[in-house]
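Welcome! Here is a short briefing to read alongside the sequence and the 3D view.

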Amino acid sequence: MALVATSFFDSVKMIATEKGIPEEDVFKAVEEALVKAAEKYFQAYDFYGNFQAQMDRETGEFHVYALKQVVKEVEEEDLEISLEEAQGLNPDAAEGDTLWLPQDTTQLGRIAAQAAKQVLVQKVREAERDRIFTEFADRIGEVVVAEVKRFEKSAIILEVDRVEAMLRRNDALRGDRFDKGQRIKVVISGVDKSAKDPQVQVSRTDPRLLIKLFDSEVPEIHDGTVVIRSCVREAGDRAKVAVHSLDPDVDPVGACVGLKGSRVQAIIRELKNEKIDIVRYDDDASRFIANALNPAKALRVSVVDLEHRRVEVVVDDEQLSIAIGKRGQNVRLAAKLTGWNIDVRSESDKRREAEVAMGAALPDTLAPATEEIVAPSSKLLEELGALEGLDQSMAEKLAAAGYLDTKSLYTVTAEQLLSVADMDQDLAFRLIDAVHERFGE
């Protein structure tokens, strides 16, 4: 019987061709849909058969068959047919053969047409998703100009090369304010073939956006004379970029800054006034770490633990707050940029530690009778007062781990604190808050 009108069948083939869908895939999918429709239809009449559908590739006509195995004695009428009855239908039938018995499909025409439409829509959607995935999978990391299309609760929907892309709110900068139709620069951060939302994900917080902006603004980076060795961001707030020149006559930092800061300022404007520290890369880890702490000036950089990549940096007292930065941001970014754990200490703190160490090394008869040496754990208790959970035992464990006072805790992360014996997450966060509150005052 005819599945649908010839015009519809022709349009199905035309759309399949336009969308790049193999016609055979559409035919097979429609046949599968017809089998399911037949099963549902005939089961209503207590006929649980093994069905197959065939669709004519030229006319669009379809037929549904019930497959039955030829047996000597029938035990399951829905699935078997006796040899005698089979030979009545086909004289050549033999035991073990499978007969295809045509079924009345008069009532399946409308169901078949709907199935064809649904399959076509599904195949078109799948083909579109495959096309988008193929097109954008190789463009991850590329900076593109996207147009703002609409706003959703958790995302902004953009258009990139006639394809919808999703900019999640947490992938936008803190100062980003967009209008419909506005064109913005984003980096393609991912493409998801299975996503229900727009497949292409873009970002304005990804460090690759900053790298590509430098590539477009600085000719020396674009032509390979200056190389970005490392880049880290706390997006919308501050970033650090380590640069290296392959030409000894080219200053990498000066090239990136530009005349009167023209090059870097263009990038800063695009990133909503995100502060950018451009630092000189150095193969020598100590010099690189000192550069990374810019704008602070380091007096000394000493490797404390090479295996765990931990260094101690000593700065002048007045440079301590600059080196650490607001809520530890400067030293935290420097650590990410260099790949080293950085402990910043002031010159006066180091001097006091040296004096304490020297006093402890003196014989009791030579030690000043009136001077009392304060144990490191006592100093931490004294500075943090009655912080719940911080007792003498915990203070000693912190001291043993190298956290002797509040300054040594200023740049620590919760993950680092949790490596201390018997430390729990709640106490770790309260310690960090207490230290920041103390310095804030």
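This is a predicted model: local features need pLDDT of at least 70, side-chain atom pairs count only at pLDDT 80 or more; totals for chains, interfaces and linings use all residues.

Residues are numbered from 1 along each chain as its sequence is written, and side-chain values use heavy atoms, with hydrogens and water left out.

**The chain as a whole**

- The protein chain has 17 helices and 15 strands (helices are DSSP runs of H or I with at least four residues, strands are runs of E with at least two, and both are numbered from the N terminus).
- The protein chain has 441 residues, and 42% of them count as buried.
- Among contacts with a separation of 6 or more in the protein chain, 60% are between residues 24 or more positions apart (contact means heavy atoms within 4.5 Å).

**Around Ser203**

- Ser203 belongs to strand 9, which covers residues 200–203.
- A polar atom of the Ser203 side chain lies 3.1 Å from the backbone nitrogen of Asp206.
- Leaving aside residues up to four places away in sequence, Ser203 touches Leu167, Asp171, Val186, Val187, Ser189 and Leu209.

**Salt bridges**

- The structure holds 20 salt bridges (a salt bridge is a side-chain nitrogen of Lys or Arg within 4 Å of a carboxyl oxygen of Asp or Glu).
- One of them joins the side chains of Arg139 and Glu142, at 3.1 Å from N to O.
- Arg139 counts as buried at 15% relative accessibility, while Glu142 is partly exposed at 31%.
- Asp161 also forms a salt bridge with Arg139, with the closest N and O atoms 2.9 Å apart.
- Asp161 lies in the loop between strand 6 (155–160) and strand 7 (163–168) and Arg139 in the loop between helix 4 (109–137) and strand 5 (143–151), so this pair ties together parts that are 22 residues apart in sequence.
- Asp161 is partly exposed, with a relative accessible area of 43%.
- Another salt bridge links Asp422 and Lys397, whose closest N and O atoms are 2.2 Å apart.
- Asp422 sits in the loop between helix 16 (414–417) and helix 17 (425–440) and Lys397 in helix 14 (residues 392–400), so the pair ties together parts that are 25 residues apart in sequence.
- Asp422 is exposed at 58% relative accessible area, and Lys397 is partly exposed at 27%.
- Through shared partners, salt bridges join Arg131, Glu135, Arg139, Glu142 and Asp161 into one network.

**A pair of helices**

- How do helix 5 (residues 207–217) and helix 8 (residues 262–270) cross, and at roughly what angle? Their axes come within 10 Å and cross at roughly 140° (axes are lines fitted to C-alpha atoms, for helices over the stretch in contact, and angles run from 0 to 180 degrees between N-to-C directions).
- That makes helix 5 oblique to helix 8 (angles under 35 degrees count as roughly parallel, over 145 as roughly antiparallel, 65 to 115 as roughly perpendicular and the rest as oblique).
- Leu210, Leu213, Phe214 and Glu217 of helix 5 make the contact with Arg263, Val264, Ala266, Ile267 and Glu270 of helix 8.

Methods
Buried means under 20% relative accessible area, exposed over 50%, partly exposed in between (1.4 Å probe, protein chains only). A polar contact is a pair of N or O atoms within 3.5 Å; within protein, one must be able to donate a hydrogen and the other to accept it, and residues adjacent in sequence count only if both atoms are side-chain atoms.
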